[in-house]
Amino acid sequence: MQPRNMSMSGVVDLAAVKAAGEAKQKAEKARADAARTGAPAPTRLVFDVDEADFQQEVLQRSTEVPVVIDFWAEWCEPCKQLGPILERLAGEYAGKFVLAKIDVDANQMLFQQFGVQGIPAVFAVVAGQPVPLFQGAAPEAQIRQVLDQLIQAAEQQFGIVGAPAEAPGAEDAEQEAPVPAGPYDSALAAAHEALDAGDLGGAVRAYQNVLNDDPANAEAKLGLAQAQLLERVQGLDAQQVRKEAADSPADPSAQIAAADLDLVGGHVEDAFGRLVDTVRRTVGEDREAARLHLLGLFEVIGGDDPRVVTARSALARVLF
């Protein structure tokens with residue numbers, strides 16, 4: 001199996017890698033700027049939700065950013081104490097989570113579906129799955145601790161990192177102004193060329209060199225993930241790998257190798273489904289190995305891809 005033959009068609013093209021990297025870098029810069037200046041990030045961080053738009057505003061959004069839900073009512077005095085704290089923290093955290101406010105009097109069905117016993121009650125939804133956080137007007141220090149744990153779990157378990165949207169008109173303004181070349185443009189271009197030419201070792205080294213100087217460079221991370229994937233499958237006996245995976249459904253090493261082949265062959269859903277099933281069947285270190293490898297494959301495809309969104313939700317259902 002030659003690396004050139006499996007370079008781009010089954011996985012993700014270089015244009016997508018570059019575009020995803022640029023989008024993520026813009027989002028990270030916007031969030032950093034907001035945190036530095038104390039201004040709210042350029043997105044809807046706090047919004048009202050009802051039963052009609054819950055699917056889109058909460059469930060779908062939760063595959064990209066943790067959604068914290070504040071169940072409240074106008075007559076609830078503790079709600080009036082807690083609500084402003086949550087809203088202020090949403091601005092301070094600058095896109096690491098968003099806050100959905102649900103009036104329980106107007107949305108009894110959602111109130112019942114979440115099994116809320118009293119208000120104020122705060123839940124989160126991550127990758128489509130509800131997570132109870134706390135009930136009552138908790139002190140701010142406790143709320144911060146809970147939010148930090150939520151954000152960390154969302155990133156570590158599902159690879160979900162909240163990112164603010166661009167401010168209205170920002171994209172047009174950027175297109176009108178000349179964009180200076182970035183400090184790593186030439187290095188990344190050389191890495192892309194090596195990857196597309198099948199020089200996997202050279203591509204890995206080139207991407208890694210960029211990351212040594214700029215560990216947060218999203219484009220280099222995506223490119224490195226793809227180059228490493230292609231390196232892993234180079235020289236594998238596909239028939240033997242698939243036989244071992246069929247014979248040992250609970251062996252994470254066998255399933256990981258087969259998932260890599262699935263992804264390189266363009267069978268993205270099969271790769272993700274295989275590893276979600278492996279997480280379901282295993283425990284301890286075996287489960288963690290399968291979960292972490294699945295997150296790595298998400299990086300190859302890109303977090304905005306609908307197949308990644310679906311797989312994240314499936315992983316959440318297995319883990320919760």
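This briefing covers helix packing, the nonpolar core and backbone geometry in the structure above. The model is predicted. The protein has 14 helices and five strands, and 47% of its 320 residues count as buried. Of the contacts between residues at least 6 apart in sequence, 71% join residues at least 24 apart.

**Packing of α7 with α8**

- Two packed helices are described by the angle between their axes and the distance between the axes.
- Helix α7 spans residues 185–196 and helix α8 spans residues 200–213.
- The axes of α7 and α8 are 8 Å apart, and the packing angle is about 160°.
- Angles over 145 degrees count as roughly antiparallel, so α7 is roughly antiparallel to α8.
- The crossing of α7 and α8 is left-handed.
- On the α7 side, the contact with α8 uses Ala187, Leu188, Ala191, His192, Ala194 and Leu195.
- On the α8 side, Leu200, Gly202, Ala203, Ala206, Tyr207 and Val210 meet α7.
- By class, the residues of this α7 and α8 contact are ten nonpolar, two polar and no charged.

**Packing of α7 with α9**

- Helix α9 covers residues 218–233, and its axis comes within 11 Å of the axis of α7.
- The two axes cross at roughly 20°.
- Angles under 35 degrees count as roughly parallel, and α7 and α9 are therefore roughly parallel to each other.
- The crossing of α7 and α9 is left-handed.
- From α7, the residues in contact are Leu188, His192 and Leu195.
- From α9, the contact involves Glu219, Ala220, Gly223, Gln226, Ala227 and Leu230.
- The residues of the contact of α7 with α9 comprise five nonpolar, three polar and one charged.
- Leu188, His192 and Leu195 of α7 take part in the contact with α9, and these three residues also meet α8.

- Gln234 sits in the loop between α9 and α10, the latter being residues 238–247.
- The relative accessible area of Gln234 is 39%, so this residue is partly exposed.
- Gln234 and Leu200 are 34 residues apart in sequence, and their C-alpha atoms are 9.5 Å apart in space.
- Leu200 is one of the α8 residues that meet α7.

**Nonpolar core**

- In soluble globular proteins, nonpolar side chains tend to be buried together.
- The largest nonpolar core here contains 93 residues.
- The members that touch the most other members are Ile69, Phe71, Phe97, Ile119, Ile143, Leu263 and Phe272.
- Leaving aside residues up to four places away in sequence, Ile143 touches Leu82, Ile85, Leu86, Leu89, Phe134 and Ala138.

**Backbone geometry**

- Most residues other than glycine have a negative phi, and most peptide bonds are trans.
- A cis peptide bond joins Ile119 and Pro120, with omega about 0°.
- Pro120 lies in the loop between α4 (108–113) and β4 (121–126), and Ile119 is among the core residues that touch the most other members.
- Ala94 has a positive phi, near 55°.
- Ala94 is found in the loop between α3 (77–93) and β3 (98–103).
- With a relative accessible area of 0%, Ala94 is buried.
- Ala127 is not a glycine, yet its phi is positive at about 55°.
- The loop between β4 and β5 (129–135) holds Ala127.
- Ala127 counts as buried because its relative accessibility is 0%.

Note on methods. Residues are numbered from 1 along each chain as its sequence is written. This is a predicted model: local features need pLDDT of at least 70, side-chain atom pairs count only at pLDDT 80 or more; totals for chains, interfaces and linings use all residues. Side-chain values use heavy atoms; hydrogens and water are left out. Axes are lines fitted to C-alpha atoms, for helices over the stretch in contact, and angles run from 0 to 180 degrees between N-to-C directions. Helices (H or I, at least four residues) and strands (E, at least two) are DSSP runs, numbered from the N terminus. Angles under 35 degrees count as roughly parallel, over 145 as roughly antiparallel, 65 to 115 as roughly perpendicular and the rest as oblique. A crossing is left-handed if the near helix is turned anticlockwise from the far one by less than a right angle, and right-handed if clockwise. Contact means heavy atoms within 4.5 Å. Ala, Val, Leu, Ile, Met, Phe, Trp, Tyr, Cys and Pro count as nonpolar, Asp, Glu, Lys and Arg as charged, and the others, Gly among them, as polar. A nonpolar core is a set of buried Ala, Val, Leu, Ile, Met, Phe, Trp, Tyr and Cys residues joined through side-chain atoms within 4.5 Å. Buried means under 20% relative accessible area, exposed over 50%, partly exposed in between (1.4 Å probe, protein chains only).
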